[in-house]
Amino acid sequence: MQNPYKPKRFGEALRELEKDGINCKALDIMRLWMLTGCDREENASLKWQEVDFEHGCLRFGDT
């Protein structure tokens, strides 16, 4: 049984859309959703101090 979640293919599809001239900001938002699992409001309210570059994770102030 194949895994229905195919992030590699999704990334390839976004790169193809980027080549076609689709809005890069919208594609970056889609990547952020895919890679973090955060919902729209969590991404919209994200602050730089909540991004933990050292550990490669997000640390929300309200959780």
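At the start of helix α2, a side-chain oxygen of Asn23 comes to within 2.7 Å of the backbone nitrogen of Lys25, a polar contact being a pair of N or O atoms within 3.5 Å, one able to donate a hydrogen and the other to accept it, where residues adjacent in sequence count only through side-chain atoms on both sides. The model is predicted, so local features need pLDDT of at least 70 and side-chain atom pairs count only at pLDDT 80 or more, whereas totals for chains, interfaces and linings use all residues. Residues are numbered from 1 along each chain as its sequence is written, and side-chain values use heavy atoms, with hydrogens and water left out.

Helix α2 covers residues 24-36, helices being DSSP runs of H or I with at least four residues, numbered from the N terminus. Its 13 residues should span 18 Å, and the end C-alpha atoms are 18 Å apart, which agrees, because the expected span is 1.5 Å times one less than the number of residues. After α2 comes Gly37, whose phi is positive, near 75 degrees.

Next come the cysteines. The whole structure holds zero disulfides, a disulfide being a pair of cysteine sulfur atoms within 2.5 Å. For Cys38, the nearest cysteine sulfur, that of Cys57, is 11 Å away. Cys38 is buried, with a relative accessible area of 10%, while Cys57 is partly exposed at 26%; buried means under 20%, exposed over 50%, and partly exposed in between, for a 1.4 Å probe and protein chains only.

Trp48, at 69%, is exposed, as is Phe53, at 64%.

Note on methods. Helix = DSSP H or I, 4+ residues; strand = E, 2+ residues; numbered from the N terminus.
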